[in-house]
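Open the model in your viewer and keep the selection panel handy.

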Amino acid sequence: MLDLIERELIYLWYYLDILCRQLLPFYFVGTLLGSFISVFAKDKIQRLFEKCRVQKLGLLTLIPAALLGFASPICMYGTLPLAAAFYQKGVRQETLACFMTASVLLNPQLIAYSAALGPELFALRLITCFLMALCAGLLVHVFFKHREFFSFGSFGGGHNHDTDPNLFLRYLKNVGRNLKATLPYFLIGIVLAALFTIHLPQDDFAKLFGRDSGWGVLLSATLGVPLYMCGGGTIPILISWIAAGMSHGSAVAFMLSGPATKITNITALKAVLGVKNFVFYLVFVLVFSSVTGLVINAGRVLLA
């Protein structure tokens, strides 16, 4: 019994060491970058988004809205008061839907973390998140052109934590808050990834989530709803799953549905969507995630 425990601890330490060496640089770079943007560039991003309202670009406004959503470092509870202010200033609903969807899916920290997935999955994550944000904006434009999609009436302003007059101290405090909010989930993700690597039956996992399994894509999109935690915490788990045989399509489906349905995000969105529109949102997320994953797997099979 003692030999079994000792062997388990040796394996666990071995994989923890590998994962930490592989992922910690991406985690700390992402944290420092996200805090830098939050302290020094957040106001500029907000001013750029306001300019989208006055430019005569039509639906092309969705493109900068999505890009600014990715660049925004604030969480959904901070994005909603900002979106409410934009709405009161006349920003169109489809532009807000695109911005908010992009903000839910990616932020500067998560972009940096995702580089650890490798160039192909990193590119797929960026492209599919961009397309999902654009699709959300287009759907709101088509189906809610003459009626309200959002209801910001009861949503007040958010609390700004970055108020220290010393910019350097403001930056350090922001880094500290980000570490406090994300590091525990990141470490939990690394431990779970190590345990998955040790105990996961790779052959069975590959059959379930492999490239020929359409069911695996649908299951991944669905699993993203209850299993997704902090974005940084899911990166080591995804790396472990991919090594065990998870297809790229299944991974992308999980990366799309997970952040879009993370419990903190959907509880905030529920406050401004109402029951009916909230159901529309969930259906959109699951359908888009599943179809995108299936298309990616089909394309990789054709190119193989």
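Predicted model: local features only at pLDDT ≥ 70, side-chain atom pairs only at ≥ 80, totals over all residues.

Residues are numbered from 1 along each chain as its sequence is written, and side-chain values use heavy atoms, with hydrogens and water left out.

Next, colour by secondary structure. You will find 13 helices and 0 strands (DSSP runs of H or I, at least four residues, for helices and of E, at least two, for strands, numbered from the N terminus).

Now select residues 12–37, one of the stretches that the unreviewed UniProt entry lists as "transmembrane region"; such annotations may be inferred rather than shown by experiment. This stretch is 100% helix, with its end C-alpha atoms 36 Å apart. Move on to residues 278–303, also among the UniProt stretches: again 100% helix, with 38 Å between the end C-alpha atoms.

Finally, show α5 (residues 93–105) with α7 (residues 119–143). Their axes come within 7 Å and cross at roughly 150 degrees, the axes being lines fitted to C-alpha atoms over the stretch in contact, with angles from 0 to 180 degrees between N-to-C directions. That makes α5 roughly antiparallel to α7 (over 145 degrees). Display side chains at the contact, including A97, C98 and T101 of α5 and M132, A133 and G137 of α7.

Notes:
Parallel < 35°, antiparallel > 145°, perpendicular 65-115°, else oblique. Contact = heavy atoms within 4.5 Å.
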